[in-house]
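Have the structure open while you read.

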Amino acid sequence: MTRVALLGGGVMGETVLGGLLRGGYAPSDVVVAEKRAERAAELTERHGVDTATGPDAVRSAEVVLLVVKPQDVASVLAEVADDLADGVLVVSLAAGVTSAAIEEALPEGTAVVRVMPNTPARVGQGMAVASPGAHATDAQLELVKEMLGGTGKVLVVPEKQQDAVTAVSGSGPAYLFLVAEAMTDAAVTLGLPRDVARELVTQTLFGSATLLQESGEHPTLLREQVTSPGGTTAAALAALEAGGLRTAFADALTAARDRSVELGG
Ligand SMILES: NC(=O)C1=CN([C@@H]2O[C@H](COP(=O)(O)OP(=O)(O)OC[C@H]3O[C@@H](n4cnc5c(N)ncnc54)[C@H](OP(=O)(O)O)[C@@H]3O)[C@@H](O)[C@H]2O)C=CC1
Ligand SMILES: O=C(O)[C@@H]1CCC=N1
């Protein structure tokens, strides 16, 4: 199996690690470099992986996964640049940071692939979107797709689309969790017990996403099928439109896209 160094063992680092292990990687194939010692120990205990400093982790790695905050990418690259193995593939999961900026910080010709994952990868239902940098080969892109297979779906797009992708699928789970929270609170306000409200909301989101996925039908059609003339749904949708839901989503995704561009500096 490909030898992997994972730099940054936070929320997304552990999520990707879980996906690798689910996809057939052994804990001995992966070494993690994580700044916080207690967090590194936690990852060893939970997943059985070794931890090391950044330079030690990358020395024998064929693939280096960069999973630190965008603001920390430059410093982590400076830390490991001299220790990268020949022919290494660097895969960055950092929002906003371009493959060109990473290539610039590494030895000439280093292969880079930029990826935007999301947290449903924790349960194997992630959406990861990959874009090859200037020096990544088709075989390296295939390797990335294969490596991320255990996290869920993987799509390849031109890198110029990555800031918009980040706004949609990268940050997207947070919007839907906010909807779940808001619906649950509203259900409690209507008098339902909280555990019942939570189950109704969770299964409704899960069922609706599954229907959208499996039917292949347009969301407008599926929405219309729920909306009986003069009924309850029409009343609710009118209130959501009056509350500016569509504009709020358009503004939210634009703000996320703009922030991604900004993080790329
Ligand atoms: N969370 C998400 O849903 C998604 C995140 N991403 C991207 O993934 C990346 C990581 O995000 P996330 O996991 O949420 O962030 P976290 O802050 O949870 O994880 C980053 C980890 O890296 C550590 N770290 C910082 N510098 C170094 C270093 N030099 N060597 C080793 N470890 C280091 C941090 O320690 P410390 O906290 O002490 O700095 C922290 O534990 C980001 O770039 C983000 O844009 C992409 C898509 C979705
Ligand atoms: O909020 C963030 O910046 C990261 C990137 C996408 C999801 N979380």
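In what follows, Ala, Val, Leu, Ile, Met, Phe, Trp, Tyr, Cys and Pro count as nonpolar, Asp, Glu, Lys and Arg as charged, and the others, Gly among them, as polar. By that scheme, the shell around ligand 1 splits into 13 nonpolar, nine polar and seven charged residues. This is a predicted model, where local features need pLDDT of at least 70, side-chain atom pairs count only at pLDDT 80 or more, and totals for chains, interfaces and linings use all residues. Residues are numbered from 1 along each chain as its sequence is written, while chains are lettered from A and ligands numbered from 1 in the order in which they are written.

**Ligand surroundings**

- Ligand 1 has 29 residues around it, and the closest are Gly8, Gly10, Met12, Ala94 and Ala95 (a residue is near a molecule if its C-beta atom, placed from the backbone, lies within 6 Å of it).
- Helices H1 (11–22) and H4 (73–80) each give at least two residues to that shell (helices are DSSP runs of H or I with at least four residues, strands are E runs of at least two, and both are numbered from the N terminus).
- Around ligand 2 sit Ala95, Thr166, Gly170 and Ser171, which come out as one nonpolar, three polar and no charged.

**Annotated domain**

- An unreviewed UniProt entry marks residues 3–96 as "domain: Pyrroline-5-carboxylate reductase catalytic N-terminal"; positions follow the numbering used here, feature names are shortened, and annotations may be inferred rather than shown by experiment.
- Residues 3–96 are 39% helix and 19% strand, with end C-alpha atoms 26 Å apart.

**H8 against H9**

- The axes of H8 (residues 172–189) and H9 (residues 194–215) come within 9 Å and cross at roughly 140° (axes are lines fitted to C-alpha atoms, for helices over the stretch in contact, and angles run from 0 to 180 degrees between N-to-C directions).
- That angle makes H8 oblique to H9 (under 35 degrees is roughly parallel, over 145 roughly antiparallel, 65 to 115 roughly perpendicular, and the rest oblique).
- Leu176, Ala180 and Met183 are among the H8 residues that meet H9, whose side includes Arg194, Ala197 and Leu205 (contact needs C-beta atoms, placed from the backbone, within 7 Å).
- The H8–H9 contact residues divide into nine nonpolar, two polar and two charged.

**H7 against H12**

- H7 (residues 162–170) packs on H12 (residues 245–263) at about 135°, with the axes 8 Å apart.
- So H7 is oblique to H12.
- Asp163, Ala164, Thr166, Ala167 and Val168 of H7 meet Leu253, Ala256, Arg257, Ser260 and Val261 of H12, a contact with six nonpolar, two polar and two charged residues.

How values were computed
Contact = placed C-beta atoms within 7 Å.
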